[in-house]
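I opened this model to look up its charged and aromatic side-chain contacts. My entries follow in the order I made them.

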Amino acid sequence: MDRECVSLLPRVCEVLRGSGSSLPDDTSLEKLLDWFTGLTEAGGSVQETCPCLLEFISAVVLQTSSDPGVICFTLKLSGLIAATEDGFKTLQGSVLDMAFNPQHWRDAGLWEDPCIRIGWIQGLRNMLQHSKAFTFFVQADFLVPLLQLQTDSSLFVASAANQTLAHTLIFFQPGCDGTFKDHGKVKRTQTSITDVEPSSQDYSAVLGTISQFLKESLLPKENTRLHQSQQILKLLALLLARARQPLRDKLLGTVADSLEELVAAGYSQLTLPLMDIILASYSSSTDDCVPDQRVTRLLSSMLNITKPSDLIGAAAAFLRGGRHHQDTVHTARAVRILLLPLHIITGQTLLGTDTTGEEHHFSIAEQLKIKTSCISMMCVCLTHTPPITLVPRDSLPCPPVSIITAVLSLLRIVSGDSSSLSSGCSEVFRNLVGSGKVQKCALEVLTGLSSSPGMKDKLTEVVTVLIQYLNNPDSDPTVIHKSYQALLKWMSVCEGVSLLTEKLKQDLIDVVKKRVCDMRWEVRDSTVEFLGKLAGVLKQGEETCDALLGGCWSTPLLREALQDPESYVRASAIAALAQTLEHSWHQGAAVTQEQTDVVTRLLEILSQDTEGFARRAVVQYFIAWFSSRSSHTSPLSSPSSSSSSSSSLRMNSVSSVLSLGSADLDWEVKVHTLELAELLMDEACSGHRGYRKGSETPPALRHPYAGISDQTLGEGVESDVAGALSNLVEQGVVSALLSGLVDCDRPVGLKACQLLITLRETVCPRPPLDAPPATATVAKVSCELPGCGWGREVRKIPGMKRFDRVKEADIAHRTRCAEVGMEVASEGGDSVCVGVCDMLRSLGLDEKLDILSQSSDHVHNSALSLLQDILTASAAHTQQDAEPGQEVIVDCY
């Protein structure tokens, strides 16, 4: 532990013993407790390292006038210290007896504060890590108040009490042979803990008391106490999910009758908690995956509830729990229940000729006539439709393709197409038509059903319905977005649109052209996004969006969207263009005017757009462009040597992108610019055996005088490396990296530093001391540092200051100024020409990387800073009390 922290801790304890109102923020005590917890988990002894804490705990326990937050902290800290046997012995006696005696806090009038009850509960849990603590827990009769808190009016207190009671039973539970072994994975806070086994008599007494409490508390005495039954069910589910035999069997045996009574009572609020009990019991079954008969009997009762909404909720919960591979009988029952509403509304034969399990047909049909119930039930059933198609075939009452047909019929009904309505369901029609909630849910389901067996036969029908939704003037933006998503999914699974008729293709083109001009920007955004993703889907078949859908029509729409007044749409249009034009990047054809115009417009956006979304998208466009070509470029050669006109356009624009991107005000634009610079580095240097691709794992740092004969450059390789480095300078890569190095945003500086180290280790390796100099050509490669902006900041780096004394640069600068009739720039405005390798070795990159790799709060979020904050706030609070009216402002991290 830091000595300075230890020296400050007594003063902090003295402050906390006061009212506690001088804390810098509400989380200070939690942060302090986290610090102590970290110390104990590392094997340290808090009470030995910080003896002042023992005095602090005694004082707070006796001095009940302390702030409730400080008392809560003290109780948790006491439990943390007592979690080791040594710490328990230190606090055993009056301190622990008084700290964890609820009556002590009742007498002080503090027990009604939830903060105190939370501290008491969590302190107990912290302590219960060994047998001595368990014996103390039993002998002090703390089980009674802990049971009372299971149904506390505060949900936070009740939840904490549930967790602590479950921990007590589970952590100390005996094994199958009755011995106390294998208590689960728990972090031992100190090696002195040698025994966590309680006496079997104590554990049996605790188990008996808890089991009886569960049995008596499950059944509510009146409807107003249903929330208490809910809390007990949550506790029971937690216990059953983690219990082993024989504990699990004892718990089930005690509460089985009460659970069946709850099911028979038909409390709707308890349906899902009861299903949690069943699923928890299933998950803990280990006997050849055969669930307990009491559990299956309970499940059968749940799947025969008379109330439709509860019945559907129970079936959905069972299917959601993933038990269909284990219990095919109940799975088939749950599937039929969930398909019944869709069967009734659409008239599709989803349940087959077998009428078993359709005794709820009438009650569900009546419930569908009520609008709120109808929409709610339909959404639950629809949500679970895709998982239904994945259950074993013998549990399905119909082929998956019939379910797809039913969902399509429902989509037509909701859109107002009464021709799809089955006979006898006209009363339900008015409840569903125009329901955006059902539309969205059905569209999501349709997307999920795209991989079902036999779906290719339904492609034409699916696309027809989706185009109708896209064309519907009443469709809201979210419905349109989900319709596009469904279209993309079905086209990707069906491998393009070759199966569509020409009429459907034209209908799709027409509706996209219509929606790209929609008055709502969300619709325009979804449309241009769809065009880009469609190009990505169709690219898998080596076909393009324009070719398969009839002519060049999508690119002009996207180019027009670059002028959209909404920045989100502009950004989406740029991304879509990158996907749409990607095929032309690989063909090596002569550059078209369209490509030139797009690049010109993108550079205008990068330099002029006021929104960061669009500017980020521009840089990402060029990243995609370069990524698609990097694999075709020869390593260690000039990218500009490519004969392709497209490559020429690409390389001619790269300097502008790097220059504009690195000077952007948006840090994400600058990071993307560095990613582009990294691609250019990869392209230029990947053939050199010393180059390591990727900035996330920079090469291991070597001693500056270590021998690296395997890295020594031969004359031919040196020439290639020098040429590659010259190209990086000319393209503006080196300038972009240097600009990023001194940027005020840490992510930018970190990435730039990593890339500069990679470049240094690649092009400027140090030869062995006894080797002749073989890097003269590389050493001659230079770049210019401007006298202002990032250049000035780079020259302020200690190792770089010597470059400011280069007289040749000053003379050259003055000569150039005289030739054009300009006055010599003021001090600090002179540019300097420096050798790249010499500069890279002078930047102190390794030290810079160490600093940048630390998180931004590595100082302010430290324990020392926390303790200093508490003391500073205390001093400020004292001054405020002396001078009323002054506002104390604390900087909270």
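I take a salt bridge as a side-chain nitrogen of Lys or Arg within 4 Å of a carboxyl oxygen of Asp or Glu. Helices here are DSSP runs (H or I, at least four residues), numbered from the N terminus. I note Glu668 as partly exposed, at a relative accessible area of 30%. The accessibility classes are buried under 20% relative accessible area, exposed over 50%, and partly exposed in between (1.4 Å probe, protein chains only).

Before going on I wrote down the terms of the model: it is predicted, local features need pLDDT of at least 70, side-chain atom pairs count only at pLDDT 80 or more, and totals for chains, interfaces and linings use all residues. Residues are numbered from 1 along each chain as its sequence is written, and side-chain values use heavy atoms, with hydrogens and water left out.

I returned to Arg616 for its aromatic contact: its charged end sits over the ring of Phe613, 5.3 Å from the ring centre. The criterion is NZ of Lys or CZ of Arg within 6 Å of the ring centre and within 35 degrees of the ring normal.

Lys670 is in helix α37 and Asp743 in the loop between α39 (733–741) and α40 (746–763), so the pair links parts of the chain 73 residues apart. I find Lys670 buried at 6% relative accessibility, and Asp743 buried at 18%.

How many salt bridges does a search of the whole structure find? I get 27. One of the salt bridges joins the side chains of Arg570 and Asp609 (2.8 Å, N to O). Arg570 lies in helix α32 (residues 567–580) and Asp609 in the loop between α34 (593–608) and α35 (612–630), so the pair ties together parts 39 residues apart in sequence. Arg570 is buried at 9%, and Asp609 is buried at 13%. I also logged a network of salt bridges linking Arg412, Lys458 and Glu461.

Last, I noted that Phe134 and Phe137 both lie in helix α10 (residues 131–139), three residues apart, and that both are buried.

Note on methods:
Helices (H or I, at least four residues) and strands (E, at least two) are DSSP runs, numbered from the N terminus.
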